[in-house]
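Morning, everyone. I'll keep this brief. Have a look at the structure first, then we'll walk through it.

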Amino acid sequence: MADEVLFEFFHMEIVGQFLQSARKDEKESAFTKLEFLGYRVGQRLVERFTKEVPRFKDELDTMKFICKDLWTSCYKKQIDNLRTNHQGVYVLQDNKFRLLTQISEGKQYMEYAPQFLAFPCGLIRGALSNLGIASNVTAEVSAMPACKFQIQIQRL
Amino acid sequence: MSRQTVRSGDPRKVSAELFTLTYGALVSQLVKDYENVDEVNKQLDKLGYNMGIRLIEDFLARSNVGRCHDLRETADVIAKVGFKMFLGIVPTVSNWSPSGDEFSLLLDNNPLTDFVELPEGQSNLEYSSILCGVLRGALEMVQMEVNVWFVQDQLKGDNTTEIRVKFIRRLEDAVPVGED
């Protein structure tokens with residue numbers, strides 16, 4: 001089954017649809033919507049995914065789950081590098097992020113990268129929130145298709 | 001290590017769920033955004049159309065199917081190769097019109113609606129109309145103009161999900177202006 005291709009095409013079209021329906025000055029709102037869409041999907045996905053899984057030991061263990069299991073099922077590969085400052089900041093680096101590989105290689109279309117990363121950012125945030133971790137997730141690209149997701153844990 | 005194998009589940013299933021859940025989230029977002037249900041149906045169909053015109057290339061590259069000689073063959077390929085490849089289901093082709101230009105695809109289960117229940121008051125929503133768009137877009141790229149619509153939908157309490165496809169005409173290759 002080639003459903004991963006289906007998802008890739010689908011994601012591209014959602015991005016296009018949201019950006020098109022937003023007026024020029026409201027590009028931000030399209031990003032917010034995409035992020036929120038990802039958030040809800042992440043929440044639901046992780047709930048189904050962790051149904052029969054033992055409890056996570058700690059925050060780092062949860063992060064490893066995101067990097068390995070969740071990433072593999074959603075994007076067909078693991079996160080290449082996970083770093084943390086042990087104070088609530090985690091950086092997930094993917095050298096060949098699936099949703100960017102079809103878009104561009106290199107630096108030419110850098111300005112378009114953020115729109116394809118809003119959904120995955122939301123997905124991470126949603127997954128974490130349903131595992132009991134409130135966070136902020138941002139993405140950063142230096143050359144497509146590599147990208148970094150920065151997770152900032154919100155302590156209450 | 002043993003713990004990790006427990007966790008992984010079936011990655012294939014999860015990735016299908018990723019699509020299903022994302023689609024559901026999109027539909028509910030559009031319903032919120034547009035208020036008018038007809039407009040939502042139209043947007044979903046358009047999204048599918050845009051996907052279809054790209055998906056067909058991937059389909060042809062992957063499936064290795066040759067040229068179809070008549071609509072019956074096309075219908076078979078759509079059901080047995082296309083649907084199987086992308087959604088993992090094989091709809092039944094049936095209800096041919098006497099003139100042979102119209103057929104139905106019967107879906108026993110529709111992966112798009114796996115976790116879905118339509119709330120009351122949404123009876124006009126064509127939840128899966130993205131499928132119509134995909135078929136229309138994909139067939140247009142192989143020079144066939146078709147109309148595609150839902151006749152029955154399990155979501156609305158029907159016994160089966162039926163997608164009707166009507167062949168309109170063969171599109172001629174459009175030659176760009178200034179070229180022979």
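A word on charge before we start: Lys and Arg count as positive, Asp and Glu as negative, and His and the chain ends are left out. The place of a charge is NZ of Lys, CZ of Arg, CG of Asp or CD of Glu.

With that, chain A carries 21 positive and 19 negative side chains. The centres of the two sets lie 2 Å apart. Keep in mind that this is a predicted model.

Now the fold. Chain A has 5 helices and 4 strands. Reading from the N terminus, the order is α-α-α-β-β-α-α-β-β. The radius of gyration is 15 Å, close to the 15 Å that the globule rule gives for 156 residues, so chain A is as compact as a globular protein of that length. Along the principal axes, its C-alpha atoms fill a box of roughly 45 × 40 × 30 Å.

Next, contacts and surface. Take the contacts in chain A between residues at least 6 apart in sequence: 59% of them join residues at least 24 apart. Of the 156 residues, 51% count as buried.

Let's zoom in on one residue. Leu6(A) sits in helix α1, residues 3–21 of chain A. Is Leu6(A) buried or exposed? Buried, because its relative accessibility is 6%, and the cut-off for buried is under 20%. What does Leu6(A) touch, leaving out residues up to four places away in sequence? Phe19(B), Met51(B), Leu55(B), Phe86(B) and Leu87(B).

Terms used
Residues are numbered from 1 along each chain as its sequence is written. Chains are lettered from A and ligands numbered from 1 in the order in which they are written. This is a predicted model: local features need pLDDT of at least 70, side-chain atom pairs count only at pLDDT 80 or more; totals for chains, interfaces and linings use all residues. Side-chain values use heavy atoms; hydrogens and water are left out. Helices (H or I, at least four residues) and strands (E, at least two) are DSSP runs, numbered from the N terminus. The radius of gyration is taken over C-alpha atoms; the globule rule is 2.2 Å times the number of residues to the power 0.38. Buried means under 20% relative accessible area, exposed over 50%, partly exposed in between (1.4 Å probe, protein chains only). Contact means heavy atoms within 4.5 Å.
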